[in-house]
Amino acid sequence: MKLSQFKFRLPENLVALEPPHRVFNNEDGTVEKVYHRDECRLMVLHRKSETIEMFEKDADGNDTDRFLTFRNIIDYFDEGDVMMLNDTKVFPARLYGTKEKTDAKIEVFLLRELNEELRLWDVLVEPARKIRIGNKLFFDEDGPMVAEVIDNTTSRGRTLRFLYDCPHDEFKRELFALGSAPLPRYIVDKRDVTPDDTDNFQTIFAKHEGAVTAPSAGLHFSRELMKRLEIRGINFAFLTVHCGLGCYDPIEVEDLTKHKMSSEQMRINSEACAIANEGKAGGHRLCAIGISGLRACESAVGTDGMLKEYDGWTNKFIFPPYEFGFVNSLVANFYHSESTMVMATAAFGGYDLVMKAYEVAVENGYQFGCYGDAMLILDD
C-alpha cells in the first residue's frame, strides 16, 4: 500500500491534550481537575460483519443516545479471555539545560542509557544546530548535573557523557528528578507539561522502566476496571515493549515496503506465554492492548501459532495486507494521519473498515492521540 492512502483530515480541536476529566471550582477560587482515564469513548469494530458500534444498547438491544465508554469494554469479554498488556514504564525523558558560555536553552530528550559505568546516554537535542562535540550542558543552576557532548549520531541525535560522580542509583534519581513526562510533540507544543502528567502518562500496571513514550492504548485502564475484568475471569498476560519514538518518525517514502521501523527492546516471559497459549488453545479471545503489544505478539509467534518466549529487539512494521498469527482482537487509540500506528490498525481491522471508522470518528468528535478515545476491533 501507499503512504497517501493513510492521509486524512484531522481538525486540531480533535487532538486530546488531556485525558478525560472533570473540572471543579473550589471555594477558594482554585480549579481542580479529576481525571478518569476509563471514561474516554469506545468505538467497537466488528471486522467480519464490517459493522461499527458507537452507542450503548437499551434492554431491547436498540441503540441509545449514550456513547460507549471504555468501561463498556468488559461487556465484550468473557471468562478465560486474555488481554496482552504492555507493562513498560515511562521514565521522565525530557530535560531542559543550558549551553555553556551562551546560556542558550536546549531541550534534551533521553532515549536510552548506553553505558552505566561511563554515564553515556543516547539523546536527541533541540535546537540541534547549536550543539557540537565538546559542548557542555548544565541542567541545574544550583546542582552538579553537567553533560558533555562526545558524539553525533543523527541530525538531532547526540551521545552525552554525564559528569556526575556518585553511585549509579543516585545518579539516575538525580537525573530523572530533572526530567518531565515525555509527552508527544503535538501536546507540548500546545501546553506546558504539568505534575498530573507524571501519573496520566503512565499505565497503572507499569513495571519495567525503559519507555520514552507511553503504550497509549493501555492508558485507558483504571484500577477499578482492572478489578472488574479480573472478577469476570479475564486473564492478563504481561509483556514488555520499551516504546521508543520510532512510531512518531515521519514516513518519507510513498511505497510502504521501503520504510524501516526503528527497533524497540521487548521481552515475553514463560508466564505470559503460558497464559496466552492456554487462552488460544481454549478458543478464547486474545486481545492485544495497543500496537506495541500487537507487534510484540507478531514478533514472537511460532510457526505453530503459539507464543514463544522472546528477549531481544523488534523492528516489525505492520501495514496492510498482513496475515496475523496470534491475537484475534485489538484495542487501539485513534492515531494521527500517515502514522505507523494507524497502518497497523488498518492491517488488523481491514483497511476499508478502519478508514471508515476514522471518518465516522471525525464526524462525531472523537478525540485522537495518546490521551484520546479508544477503538476495540473484534473478529466477528
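The structure holds two cavities of 30 Å³ or more. A cavity here is a set of points on a 1 Å grid over the protein atoms alone, where a 1.4 Å probe fits but cannot get out. Lining residues have an atom within 4 Å of a point. Grid points are joined across faces, edges and corners, and a volume is the space filled by probe spheres set on the points.

This is a predicted model: local features need pLDDT of at least 70, side-chain atom pairs count only at pLDDT 80 or more, and totals for chains, interfaces and linings use all residues. Residues are numbered from 1 along each chain as its sequence is written, and side-chain values use heavy atoms, with hydrogens and water left out.

| Cavity | Volume | Lining by class |
|---|---|---|
| Largest | about 340 Å³ | 16 nonpolar, nine polar, three charged |

Ala, Val, Leu, Ile, Met, Phe, Trp, Tyr, Cys and Pro count as nonpolar, Asp, Glu, Lys and Arg as charged, and the others, Gly among them, as polar.

The largest cavity is lined by 28 residues; closest to its centre are Cys 247, Ile 291, Ser 292, Tyr 335 and Met 341. Helix H6 (291-300) and helix H7 (340-349) each supply at least two lining residues. Helices (H or I, at least four residues) and strands (E, at least two) are DSSP runs, numbered from the N terminus. The lining of the second largest cavity includes Pro 19, Pro 20, Arg 37 and Cys 370.

Ten of its ten residues are buried, so H7 is largely enclosed by the rest of the structure. Buried means under 20% relative accessible area (1.4 Å probe, protein chains only). Met 341 is one of the buried residues of H7. The cover includes H6, strand S20 (329-333), helix H8 (351-363) and strand S21 (374-378). Gly 350 follows H7, with a positive phi near 100°.

Next, the open sheet. Its nine strands run S4-S3-S21-S20-S18-S7-S16-S17-S19, with mixed pairing. Two strands pair if DSSP finds at least two bridges between them. Strand S4 (51-53) and strand S19 (310-314) stand at the edges with a single partner strand each, so one side of each lacks a neighbour in the sheet. The twist averages 20° from one strand to the next.

Strand S7 (residues 82-86) has five of its five residues buried. Val 82, Met 84 and Asn 86 lie on one side, Met 83 and Leu 85 on the other. S7 runs parallel to strand S16 (residues 235-241), joined by five bridges. Leu 85 stands opposite Phe 238 there. Three bridges join S7 to strand S18 (residues 286-289), also parallel. S20 and S21 pair antiparallel over five bridges, with Ala 332 opposite Met 375.

H8 lies across strand S3 (42-46), S4, S20 and S21, at about 155° to S3. Contact means heavy atoms within 4.5 Å. Axes are lines fitted to C-alpha atoms, for helices over the stretch in contact, and angles run from 0 to 180 degrees between N-to-C directions.

Last, the barrel. Six strands close it in the order S9-S10-S11-S14-S13-S12, with antiparallel pairing. Neighbouring strands are turned by 45° against each other on average, direction ignored. Helix H1 (residues 168-177) lies across S9, S10, strand S11 (120-126) and strand S14 (157-162), at about 150° to S10.

Notes. On a 1 Å grid over the protein atoms alone, a cavity is a set of points where a 1.4 Å probe fits but cannot get out, and a pocket is an open set with protein on both sides within 12 Å along at least five of seven lines; lining residues have an atom within 4 Å of a point. Buried means under 20% relative accessible area, exposed over 50%, partly exposed in between (1.4 Å probe, protein chains only).
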